[in-house]
Amino acid sequence: MTKRPQLIIPAVVLGVVLWVIAIVYWTQDAGSLPSFFPGHSAGSTHIHFKHGLAAAIVGLGCFVFAWFQTGGDRPDRPPTS
Amino acid sequence: MDPISYFQAIVLGLLQGVSELFPISSLGHSVVLPRILGWNIHQNDDYFLSFLVATHCATALVLLLFFIKDWARIVKGLGRSLRDRYIDPDDPYAKLGWLIVVGTIPAGLLGLLLEHPLRTLFASTQTAAIFLFVNGLMLFGAEALRRRAPVRSEESIRSDEVIARELGFRESLGIGAAQALALIPGLSRSGASMGGGLLAGLSNEEAARFAFLLATPIIGAAGLLKLPELLGSQGDHVRGQALVGAVCAGITAYLSVRFLLRFFETNRLTPFAIYCCAVGAVLSVAFALA
């Protein structure tokens, strides 16, 4: 897999943003969500737990991607028997 | 009166364990069977969804236990790659683990966001029968469009290693996204992922193995996510039936996975394609005339 270290910071920033979005979904009901959020519904008390979970999963994926980009090329290893 | 009888729970549990792993759509069967038998059970009923949670959890548990040695190797492989921050091409279990992760994410996301709207949109038995027919065509298509059946020169090579070698992350992403088709009653998750595996160059046996590995986290997560509904007030009056259904589903899921892995050593998806086309066509006409 080709390493792209220039993507580390954007991936981390995106991951943090997605986790913030996830927390907003988990803590705010649909009526209190910002109007540009998918699932916003004026007056609704429904909590969009699944929307938050989706954002959290993608955010976690961004962190894992960034983690792999911080590694060097193929590490030296002792030969396996 | 209980919304589901114990007899119905046994029948639906046995059916769920088989149809979840056979490429014939469990959701499609659980929609059309109650109508054929004249049962007053509908797929969007809260109590029926709670019942299905238990059968899904049982199926996922059986799959996990059936491939427990593979999962142990996969988890260790994932750990090694995270430690090294590198996915070693010579480490098949690390590669296989990340293939499963990459394949699970699109199905999981689509499931989280589209499960409810699709379930509501395609709730009718008529639609399920039509999509069952389409599922048969999809299986025929996968067999017709597959690359030439691979011939393995090394008989001793493990299927997991072949899967890791043959599949790329892009293919795994596509197979994972195809799994989301199962949100539509009548289309099969395992059929879509087996078909995707064939198109990517796997043999039938390897495609089935990868489909079962890929199905485990997604079925398990879907079950766990809805477990509170079964344990809450929505599960009142169906918990006993759900437990019985789960045991039945677990038994048939175990027998199904054993049978299918042997079946696909020498056979293809064609018999399931014929079954889905035939049953889908007959039921579509019958429901339209009824």
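User: What is the mean pLDDT of chain B?

Analyst: This is a predicted model, and pLDDT is the predictor's confidence in each residue, on a scale from 0 to 100. In chain B, 96% of the residues reach 70 or more. The mean pLDDT of chain B is 89.

User: Which element of chain B has the highest mean pLDDT, and which the lowest?

Analyst: Where pLDDT is low, the predicted coordinates should not be read in detail. The highest mean among the elements of chain B is 95, for helix 4 (residues 68–84) of chain B. At the other end, with a mean of 87, stands helix 7 (residues 159–166) of chain B.

User: How many helices and strands does chain B have?

Analyst: From the N terminus on, the elements of chain B run α-α-α-α-α-α-α-α-α-α-α-α. The count for chain B is therefore 12 helices and 0 strands.

User: Why is chain B described as being as compact as a globular protein of its length?

Analyst: The globule rule gives 19 Å for 290 residues. The radius of gyration of chain B is close to that value, so chain B is as compact as a globular protein of that length. Along the principal axes, its C-alpha atoms fill a box of roughly 60 × 40 × 30 Å. The radius of gyration on which the comparison rests is 19 Å.

User: What percentage of the contacts in chain B with a separation of 6 or more comes from residues 24 or more positions apart?

Analyst: Of the 290 residues of chain B, 51% count as buried. Among the contacts of chain B with a separation of 6 or more, the share from residues 24 or more positions apart is 80%.

User: What percentage of the residues of chain A count as buried?

Analyst: Chain A has 2 helices and 0 strands. Among its contacts between residues at least 6 apart in sequence, 57% join residues at least 24 apart. Of the 81 residues of chain A, the share that counts as buried is 17%.

User: Which helix supplies the largest share of the side of chain B that touches chain A?

Analyst: In this interface, 9 residues of chain B are in contact with 12 residues of chain A. By class, the side from chain B has 6 nonpolar, 1 polar and 2 charged residues. The largest share of that side, 5 residues, comes from helix 5 (residues 92–121) of chain B.

User: At what angle do helix 3 and helix 11 of chain B cross?

Analyst: The contact includes B:Phe51 and B:Leu61 of helix 3 of chain B, and B:Ala249 and B:Tyr254 of helix 11 of chain B. Its residues divide into 15 nonpolar, 6 polar and no charged. The crossing is right-handed. The axes of helix 3 (residues 46–66) and helix 11 (residues 239–266) of chain B come within 8 Å and cross at roughly 35°.

User: What is the handedness of the crossing of helix 3 and helix 10 of chain B?

Analyst: The axes of helix 3 and helix 10 (residues 204–231) of chain B come within 8 Å and cross at roughly 145°. Among the residues in this contact are B:Val53 and B:His56 of helix 3 of chain B, and B:Ile219 and B:Lys226 of helix 10 of chain B. The contact divides into 13 nonpolar, 6 polar and 2 charged residues. The crossing is left-handed.

User: Is B:Ser25 buried or exposed?

Analyst: B:Ser25 lies in the loop between helix 1 (6–21) and helix 2 (26–37) of chain B, and has a positive phi of about 70° although it is not a glycine. A residue is buried if 20 or more other C-beta atoms lie within 10 Å of its own. B:Ser25 has 31 C-beta neighbours inside 10 Å, so it counts as buried.

User: What phi does B:His237 have?

Analyst: B:His237 lies in the loop between helix 10 and helix 11 of chain B. With 14 C-beta neighbours inside 10 Å, B:His237 counts as partly exposed. Although B:His237 is not a glycine, it has a positive phi of about 75°.

User: What distance separates the C-alpha atoms of B:Gly232 and B:Ser50?

Analyst: B:Gly232 is placed in the loop between helix 10 and helix 11 of chain B. It has 10 other C-beta atoms within 10 Å, so B:Gly232 is exposed. B:Gly232 and B:Ser50 are 182 residues apart along the chain, and their C-alpha atoms are separated by 9.4 Å.

Note on methods. Residues are numbered from 1 along each chain as its sequence is written. Chains are lettered from A and ligands numbered from 1 in the order in which they are written. This is a predicted model: local features need pLDDT of at least 70, side-chain atom pairs count only at pLDDT 80 or more; totals for chains, interfaces and linings use all residues. Helices (H or I, at least four residues) and strands (E, at least two) are DSSP runs, numbered from the N terminus. The radius of gyration is taken over C-alpha atoms; the globule rule is 2.2 Å times the number of residues to the power 0.38. A residue is buried if 20 or more other C-beta atoms lie within 10 Å of its own, exposed if 12 or fewer, and partly exposed in between; C-beta atoms are placed from the backbone. Two residues are in contact if their C-beta atoms, placed from the backbone, lie within 7 Å. Ala, Val, Leu, Ile, Met, Phe, Trp, Tyr, Cys and Pro count as nonpolar, Asp, Glu, Lys and Arg as charged, and the others, Gly among them, as polar. Axes are lines fitted to C-alpha atoms, for helices over the stretch in contact, and angles run from 0 to 180 degrees between N-to-C directions. A crossing is left-handed if the near helix is turned anticlockwise from the far one by less than a right angle, and right-handed if clockwise.
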